[in-house]
Amino acid sequence: GAKEEGKVLGYNSKKVKKVAILSTLAALLDDPILADVPKKPSLSDVDILINLELGSAMCISIFKLDGTSFDVAVMNSATVKDLKLAIKKKVIELEQSKMGHRHISWRHVWANFCLAHHNGKLLDDDAALHDFGVRNNYQVHFLPYVVSKGSGRHSKRRKHRFFHGLSKLS
């Protein structure tokens, strides 16, 4: 009897602690000072925001073609690929808060648009942002971009003829 009551109380106390932590977290996230923290922050989100406050991360404004903008935070040592991942995460977060789940083809986005800072296009995913002169509180813009056919990166998709080979066997 006593052990069973202890288990029930232990379960309830864990449940109560979890509810208390979640309500405290919700209250903290509603604070205007923490407005830049996502509603369901991951450890990396919190880490980036702490580093932003310490000066080892930067906030970059991303301007879309429609004139709207949003801010993303990345480490000072971030590459173009890190910036693209931060943009993807932020856009998905914004879209879900507005309209629920919506699929965006990021392969299509990066095949038809590129990021630019001043007159330089950020095309090399492995290049550091500071190599392009991107610093804290700077602006990066989306630009229409089509890779030329001569580069060989984008060619027409070949049709896979899976059943074609099977008909020869019979």
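**The sheet and its surroundings**

Guide: Buried residues, meaning those under 20% relative accessible area with a 1.4 Å probe and protein chains only as cover, make up 24% of the 170 residues in the protein chain. This is a predicted model, in which local features need pLDDT of at least 70 and side-chain atom pairs count only at pLDDT 80 or more, while totals for chains, interfaces and linings use all residues. Residues are numbered from 1 along each chain as its sequence is written, and side-chain values use heavy atoms, without hydrogens and water.

The protein chain has five helices and five strands, taken as DSSP runs numbered from the N terminus (helices H or I, at least four residues; strands E, at least two). Their pattern along the sequence is α-α-β-β-α-α-β-β-β-α.

The sheet is open, with five strands in the order β2-β1-β5-β3-β4 and mixed pairing; strands pair if DSSP finds at least two bridges between them. β2 (69-75) and β4 (120-122) each have a single partner strand and stand at the edges, so one side of each lacks a neighbour in the sheet. On average, neighbouring strands are turned by 40° against each other, direction ignored, with axes fitted to C-alpha atoms.

β1 (residues 57-63) pairs with β2 in the antiparallel sense over seven bridges. Met58 has Val74 in β2 as its bridge partner.

Helix α3 (residues 80-99) lies across β1, β2, β3 (113-117), β4 and β5 (139-144), where contact means heavy atoms within 4.5 Å. The helix runs at about 135° to β2, on a scale from 0 to 180 degrees between N-to-C directions, the helix axis being fitted over the stretch in contact.

Technical notes
Buried means under 20% relative accessible area, exposed over 50%, partly exposed in between (1.4 Å probe, protein chains only).
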